[in-house]
Amino acid sequence: MKNKVKLLREGRHWSQGDLANALGVSRQTVISIEKERYNPSLALAFSIASLFDCPIEAIFVPESKKKGDGLL
C-alpha cells in the first residue's frame, strides 16, 4: 500500500525513532511502513492518522487494482 508516512514524518522533523516512540512500535516497523513492505494494522493506521491529524485515506492509498483481479 502506498503511503505518505515518510513525508509527514519529515515535515515534522522527526526521526524514525521519534515516530516509533510516539506510536509505541519499533523503529523497524516504521522503516517497513515507509518502504511500503508492511501494511499497518487498522489500529496502527488510525494511530498514525490521529498523530498527524489527518484522515487515514490522506496517508494510505491502496495500490491500483489489476485488470481482471475479480475485485469490484
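What covers the buried residues of H3? The cover includes strand S1 (2–3), helix H1 (5–11), H2, H4 and strand S2 (60–61). Helices (H or I, at least four residues) and strands (E, at least two) are DSSP runs, numbered from the N terminus. This is a predicted model, in which local features need pLDDT of at least 70, side-chain atom pairs count only at pLDDT 80 or more, and totals for chains, interfaces and linings use all residues. Residues are numbered from 1 along each chain as its sequence is written, and side-chain values use heavy atoms, leaving out hydrogens and water.

**Helix H3**
- Val-30, Ile-31, Ser-32, Ile-33 and Glu-34 are the buried residues of H3; buried means under 20% relative accessible area (1.4 Å probe, protein chains only).
- Beyond its neighbours within four places in sequence, Ile-33 is in contact (heavy atoms within 4.5 Å) with Asn-3, Val-5, Tyr-38, Pro-40, Leu-44, Ile-48 and Phe-60.
- Glu-36, which follows H3, has a positive phi, near 60°.

**The nonpolar core**
- A nonpolar core is a set of buried Ala, Val, Leu, Ile, Met, Phe, Trp, Tyr and Cys residues joined through side-chain atoms within 4.5 Å.
- The largest such core has 14 residues, of which Val-5, Leu-19, Ile-33, Ile-48, Ile-59 and Phe-60 touch the most other members.
- Two or more residues each come from H2, H3, helix H4 (42–51) and helix H5 (56–59).
- H4 gives the largest share, four residues.

Conventions
Buried means under 20% relative accessible area, exposed over 50%, partly exposed in between (1.4 Å probe, protein chains only).
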